[in-house]
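This report looks at how two protein chains meet and at one residue beside that subject. The structure comes first.

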Amino acid sequence: MNQVDDNDILVRVRDLHFQRGTRPIFSGANIDIQRGKITAIMGPSGTGKTTLLKLIGGQLKPTQGAIEFEGENIHQLSRSKLYKLRRKMGMLFQSGALLTDISVFDNVAYPIREHTNLPESLVHHLVLMKLQAVGLRGARHLMPNELSGGMARRVALARGIALDPTMIMYDEPFTGQDPISMGVLVQLIKLINDALGLTSVVVSHDVQETVSIADYIYLVSGGVVIEHGTPEQLNASTSEWVQQFMQGLADGPAHFHYPAETYLDDLQAGVK
Amino acid sequence: MVNPVQMLGRSALTFFERLGRAHLFLMDALWGFFSMVMRPRLLVQQLYSVGVLSFLIILISGLFVGMVLGLQGHYILSNFGAEETLGVLVAASLVRELGPVVAALLFSGRAGSALTAEIGLMKATEQLSGMEMMAVDPMRRIITPRLFAGILSMPLLAAIFSMMGILGGYFVGVGLLGVDEGAYWSQMQSKIDFSADIINGVIKSFVFGVVVTWIAVFEGYDSIPTSEGVSRATTRTVVHSAFAILGLDFVLTALMFG
């Protein structure tokens, strides 16, 4: 990683170990999230990218290692301090995670009403501003079940930035989107990051879209960081694994076939 | 092959581990009472959806149970020429046993299952995780108001059930079968004791309210976040609540009247 001033690091992940049951998900990952930048965490499905966001958000606890946000170890905070810290974080879930029994307007207003005592007229203005930013001011009366997947994520994004957080985390924002919605989301993430001076963490395996907006990329596989650098540095990487992932090749160091006996042995063994 | 003893041991460990988790969950939810007091609107909303929406089923069921009690009671009492004590039989059966027990069974089927399904689906659709990341504690915002709404609603619903049952017994006994109206009410008034019968019935329904709502919210919160997981959790709520109500009823009856 390029030399970065310590004060520029918003989130510092050190020697991260985490396991589900007996299956290790992370075994010594080190990641730095720079202030004001879009940092992408990329890697094949099932490598724990979403788990990493939950660890940063304090929803899961690492088995070893530390995660610091603005110098504070997230997992050593009391419950009330953790909830206070989370006001500085926004998170866009893959599903949107909108509250299904209230309208788009009320969803965006929800964190504002929960955490502030602002008069309703001001809440109204704030919500309209946030919805305007994601292009859905006109959809404020709709219910979540009336939204398309892309619209739901944009509403979730408006809700995520409702309290003007320091950092926003995106969990697979492009998955399952049509090209137009995907283009809109790519632009929005970049625009909102730059306009609001946010720090963004994008977890994704959509290489093209993520590379187009990321300032820095971490490639994660097998519980560790395989490679990291700017998009240009990764594209120029000589690592076969990096090239396989960045170019979406079916076979390479990451095998197409799940580990098994030889095909011939399997066929000759017959039905067991 | 897994040794049956190992299987038994594993099941026992799983059971006690879950029981311990359920108790910690209850303590946490009860602790949220103080923050709930600051926002009574949350409780009022849940009192409506848990209590008021269970009102109709309690009302109708109570009426029919009382009518059946009137019929059966009259049939048996008339063999001894004691039809005038029909009011006592109906009221005692209802306030001591049937009111708290049947109302709690109905409550677990109507409100308990709905609570589990609602919370389970919120978990499956990441709404609870979303709240956590919005710095809103789902225990305080979702669980505590529902738990207290159930605890407060249950004794009231049981009382309404008993009242409707007494009216049902009256319609059948006095209206249809010719029991003397004065005897029906006066016998009831003189033989039903406020503390021994009514207060004990209220205590029972309060205990059932705590247990049924606790089971319902815990099962939802602890459910596997898939459609099958939520479905199983909802079934468990109704089954476990029924066992808990009937088992506790025996224990409480033995303590109160034994």
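This is a predicted model: local features need pLDDT of at least 70, side-chain atom pairs count only at pLDDT 80 or more; totals for chains, interfaces and linings use all residues.

## Extent of the interface

Chain A places 22 residues in contact with 19 residues of chain B. Together the two chains bury about 1800 Å², and carbon and sulfur atoms account for 51% of this area. On the side of chain A, 31% of the area buried against chain B is supplied by Arg79(A), Tyr83(A) and Tyr110(A), more than by any other three residues.

## Polar and charged pairs

Four salt bridges are found across the interface of chain A and chain B. In a salt bridge between Arg79(A) and Asp28(B), the N to O distance is 2.9 Å.

## Make-up of the chain A side

Two or more residues each come from α2 (79–86), β6 (89–92) and α3 (104–115) of chain A. The most come from α3(A), which gives four residues to the side touching chain B. Sorted by class, this side of chain A holds 10 nonpolar, six polar and six charged residues.

## Arg159(A)

Helix α5 of chain A, residues 149–160, contains Arg159(A). Arg159(A) is buried but forms no salt bridge. Glu126(B), the nearest side chain of opposite charge, is 8.8 Å away, whereas the cut-off for a salt bridge is 4 Å.

A polar atom of the Arg159(A) side chain lies 3.4 Å from the backbone oxygen of Gly96(A). Residues touched by Arg159(A) include Leu98(A), Asn107(A), Pro111(A) and, from chain B, Met134(B).

Terms used: Residues are numbered from 1 along each chain as its sequence is written. Chains are lettered from A and ligands numbered from 1 in the order in which they are written. Side-chain values use heavy atoms; hydrogens and water are left out. Contact means heavy atoms within 4.5 Å. Buried area is the accessible area (1.4 Å probe) that two parts lose on being put together, summed over both. Ala, Val, Leu, Ile, Met, Phe, Trp, Tyr, Cys and Pro count as nonpolar, Asp, Glu, Lys and Arg as charged, and the others, Gly among them, as polar. Buried means under 20% relative accessible area, exposed over 50%, partly exposed in between (1.4 Å probe, protein chains only). Lys and Arg count as positive and Asp and Glu as negative; His and the chain ends are not counted. A polar contact is a pair of N or O atoms within 3.5 Å; within protein, one must be able to donate a hydrogen and the other to accept it, and residues adjacent in sequence count only if both atoms are side-chain atoms. Lists of a residue's contacts leave out its neighbours within four places in sequence.
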